[in-house]
Amino acid sequence: WMTNDCLEKMMNMATKYPTANLIQGNSFCNSKWARLEGKKLPAFSDDRKWIKKKFLTLNYLPTTCWNKLIKREFVVDNGLFFKEGFLHEDEMWQWGLSKTVRAIAFFLDKTYHYTILRPSGIMDSMTKKKDHFLFFVLELWVEDIDDFCKDEQIAYIFEKIRRITPNIETEEDWEHTERLLNTLSAKSKKS
């Protein structure tokens with residue numbers, strides 16, 4: 001849940017950094033990946049290469065859709081919409097942001113409370129189904145690799161594949177994995 005002063009604080013940051021496409025807040029969270037502490041973040045950056053690399057560094061910036069302030073126009077102009085019934089919308093969101101954010105501001109005050117791994121949450125109760133959906137996300141990413149920070153995009157996808165392979169149980173998912181790895185290998189050789 002948001003803190004009572006979350007929107008006010010984020011709007012103040014948006015006023016201070018009017019060219020920022022995204023204001024990223026900090027959170028009270030029981031997992032480091034959703035927090036900003038210790039990550040040596042500037043208050044503001046418009047360095048496109050730095051921004052894209054940080055979005056593509058696993059667990060550096062929160063992949064969540066919450067605790068971010070983004071101009072509606074930016075979302076619409078860049079087609080950053082969620083697909084209905086699609087798991088891993090936060091992963092798709094992060095990938096889309098990595099390709100579109102030109103300026104970002106970080107707000108280190110904690111403005112959101114979040115608890116990970118509730119017994120009834122998707123992260124705990126649907127691991128196999130969740131990983132199966134991730135193959136579709138990975139396929140979309142592989143097709144969407146561009147030349148700007150290409151090596152980082154490939155490394156990010158490789159790492160995601162590495163993390164789900166312990167959960168693979170079906171022949172179909174192993175075949176998916178093999179196809180993705182072959183395609184990524186071919187793309188990395190073209191770098």
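Analyst: The part to begin with is a contact between two helices. Lys 150, Ile 154, Ile 157, Phe 158 and Ile 161 of α7 meet Thr 177, Leu 180, Leu 181, Leu 184, Ser 185, Lys 187 and Ser 188 of α8, where contact means heavy atoms within 4.5 Å. Sorted by class, the contact of α7 with α8 holds seven nonpolar, three polar and two charged residues; Ala, Val, Leu, Ile, Met, Phe, Trp, Tyr, Cys and Pro count as nonpolar, Asp, Glu, Lys and Arg as charged, and the others, Gly among them, as polar.

This is a predicted model, in which local features need pLDDT of at least 70 and side-chain atom pairs count only at pLDDT 80 or more, while totals for chains, interfaces and linings use all residues. Residues are numbered from 1 along each chain as its sequence is written, and side-chain values use heavy atoms, with hydrogens and water left out. The chain has an average pLDDT of 87, and 91% of the residues score at least 70; pLDDT is the predictor's confidence in each residue, from 0 to 100. Confidence in the chain is lowest in helix α5 (residues 122–125), with a mean of 52, and highest in β2, at 98. Helices (H or I, at least four residues) and strands (E, at least two) are DSSP runs, numbered from the N terminus.

On geometry, helix α7 (residues 150–164) packs on helix α8 (residues 171–189) at an angle of about 160°, and their axes are 11 Å apart. Axes are lines fitted to C-alpha atoms, for helices over the stretch in contact, and angles run from 0 to 180 degrees between N-to-C directions. The angle therefore makes α7 roughly antiparallel to α8; angles under 35 degrees count as roughly parallel, over 145 as roughly antiparallel, 65 to 115 as roughly perpendicular and the rest as oblique. The crossing of α7 past α8 is left-handed, a term used if the near helix is turned anticlockwise from the far one by less than a right angle, with right-handed used if clockwise.

α7 also has a contact with α4. The axes of α4 and α7 come within 13 Å and cross at roughly 170°, which means that α4 is roughly antiparallel to α7. Glu 91, Gln 94, Trp 95 and Lys 99 in α4 meet Gln 153, Tyr 156, Ile 157 and Lys 160 in α7. By class, this contact of α4 with α7 has three nonpolar, two polar and three charged residues.

Helix α4 (residues 89–100) in turn packs with helix α2 (residues 48–55), their axes coming within 8 Å and crossing at roughly 170°. Arg 48, Lys 52 and Phe 55 of α2 make this contact with Gln 94, Leu 97, Ser 98 and Lys 99 of α4. Its residues divide into two nonpolar, two polar and three charged.

As for the sheet, four strands form an open one in the order β2-β4-β1-β3, with mixed pairing. β2 and β3 (68–70) are at the edges with a single partner strand each, so one side of each has no neighbour in the sheet. Two strands pair if DSSP finds at least two bridges between them. Eight bridges join β1 (residues 22–29) to β4 (residues 104–114), and these strands run parallel. Helix α1 (residues 6–16) lies across β1, β3 and β4, at about 175° to β4.
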